[in-house]
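Here is a short briefing on one protein chain. Look over the sequence and the model first, then read the points below.

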Amino acid sequence: MEMKKRISLELRNRTPAEVAELVVDNCRTSDGEVEGLTDDFKELEFLSMVNVGLTSLAKLPSLPKLRKLELSDNNISGHLETLSEKSPNLTYLNLSGNKIKELSNVEALQNLKNLKSLDLFNCEITTLEEYRESIFELLPQVTYLDGFDQEDNEAPDSEADADDDEGEDGAGPTGDYDDEDDEEEEEVSEGREVGLSYLMKEKIQDEEDDDDYAEEEDGKEKAGVKGEKRKRDAEDEGEDDEDDDDDDD
């Protein structure tokens, strides 16, 4: 699909001035130049043109609010001065997978004073000796090169930062609070089940104890009866003996 047609579809009944993000990855330019973008996209903050066959940025329109630009997997070899002229407020630039070979190819980025993150991964320039040291020296405003700073600390993920910001606004803590509530409810529920089970066991035990006690009492009563019977039998036998003695007399 041609870039002009793709941009037209991405507008989705909006005017260019209403678009803050625009992604036209994997479409095609007819001559290696930016097509379909105009100065009317004055509110554009994020633009992604990955693998569209770009060889030049000469026709990039003025995009004063553009902060993030994705240009990976194209055929750009240099002439990046257009970026500082048309998008001076860029903070993130991805040129990975392009034809950047020499330090001179990126010298023009010195004028991007707000540039914090630059990606040149899979460009031939990365094979140069002391490549990272040279880029950080050439572009002192850059904090992250190919995703890492000079101390090899990884760049924070923008999506994760966004999630953290939402958490600070209240959405995050609320979600955590809900999870804690759920855990507490589960613990309470488990506690109730344990409590009920315990009480049931206690009740069963009490009933068993009562049964044992009743059997014991019955045993005692029966033993008492037997004892009394034996006593009476003994007494009866005694009386019989006395009667026999009297008869003998």
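The chain holds five helices and six strands. Helices (H or I, at least four residues) and strands (E, at least two) are DSSP runs, numbered from the N terminus. Along the sequence they follow the pattern α-β-β-β-α-β-β-α-β-α-α. This is a predicted model, in which local features need pLDDT of at least 70 and side-chain atom pairs count only at pLDDT 80 or more, while totals for chains, interfaces and linings use all residues. Residues are numbered from 1 along each chain as its sequence is written, and side-chain values use heavy atoms, with hydrogens and water left out.

**Overall figures**

- Of the 249 residues, 29% count as buried. Buried means under 20% relative accessible area, exposed over 50%, and partly exposed in between (1.4 Å probe, protein chains only).
- Take the contacts between residues at least 6 apart in sequence: 50% of them join residues at least 24 apart. Contact means heavy atoms within 4.5 Å.

**The sheet**

- Six strands form an open sheet in the order β1-β2-β3-β4-β5-β6, with parallel pairing. Two strands pair if DSSP finds at least two bridges between them.
- β1 (21-23) and β6 (144-145) are the edge strands, and each pairs on one side only.
- β1 runs parallel to β2 (residues 46-48), and three bridges join the two. Glu21 has Phe46 of β2 as its bridge partner.

**The nonpolar core**

- The largest nonpolar core has 44 residues. Such a core is a set of buried Ala, Val, Leu, Ile, Met, Phe, Trp, Tyr and Cys residues joined through side-chain atoms within 4.5 Å.
- Leu47, Met49, Leu83, Leu109, Leu118 and Leu120 have the most contacts inside this core.
- α1 (3-11) and α3 (131-138) each supply at least two residues of this core. α3 gives the most, with four residues.
- Leu120 touches Leu95, Ser96, Val106, Ile125, Thr126, Tyr131, Ile135, Leu145 and Asp146, not counting residues up to four places away in sequence.

- Tyr131, Ile135, Phe136 and Leu138 are buried in α3. They cover an arc of only 165 degrees around the axis, which puts them on the same side of α3. The arc is that of the directions from the helix axis to the C-beta atoms.
- An α-helix has 3.6 residues a turn, so residues three or four places apart point the same way.
- The buried residues of α3 pack against β5 and β6.
- Glu133 and Glu137 are exposed on the other side of α3.
- UniProt lists residues 128-146 as "domain: U2A'/phosphoprotein 32 family A C-terminal" in an unreviewed entry. UniProt positions are given in the numbering used here, feature names are shortened, and annotations may be inferred rather than shown by experiment.
- The span 128-146 is 42% helix and 11% strand, and its end C-alpha atoms lie 15 Å apart.

**Buried loop residues**

- Leu60 sits in the loop between β2 and β3 (68-70). Leu60 counts as buried at 1% relative accessibility.
- Leaving aside neighbours within four places in sequence, Leu60 is in contact with Val34, Leu47, Met49, Thr82, Leu83, Lys86 and Ser87.
- Leu60 and Glu85 are 25 residues apart in sequence, and their C-alpha atoms are 9.7 Å apart.
- Ser87 lies in the loop between α2 (81-86) and β4. Ser87 is buried, at a relative accessible area of 0%.
- Residues up to four places away not counted, Ser87 touches Leu60, Leu63, Leu66, Thr82 and Leu112.
- Asn105 is in the loop between β4 (92-94) and β5 (117-119). Asn105 is buried too, with a relative accessible area of 18%.
- The side chain of Asn105 reaches the backbone oxygen of Ser77 at 3.4 Å.
- Beyond its neighbours within four places in sequence, Asn105 is in contact with Ser77, Gly78, Leu80 and Ile100.

**Positive phi outside glycine**

- Asn26 is not a glycine, yet has a positive phi of about 65 degrees. Asn26 lies in the loop between β1 and β2 and is exposed, with a relative accessible area of 53%.
- Asp152 has a positive phi near 65 degrees, and is a residue other than glycine. Asp152 lies in the loop between β6 and α4 (158-169) and counts as exposed at 56% relative accessibility.

Notes
Polar contact = N/O pair within 3.5 Å; in protein donor to acceptor, adjacent residues only side chain to side chain.
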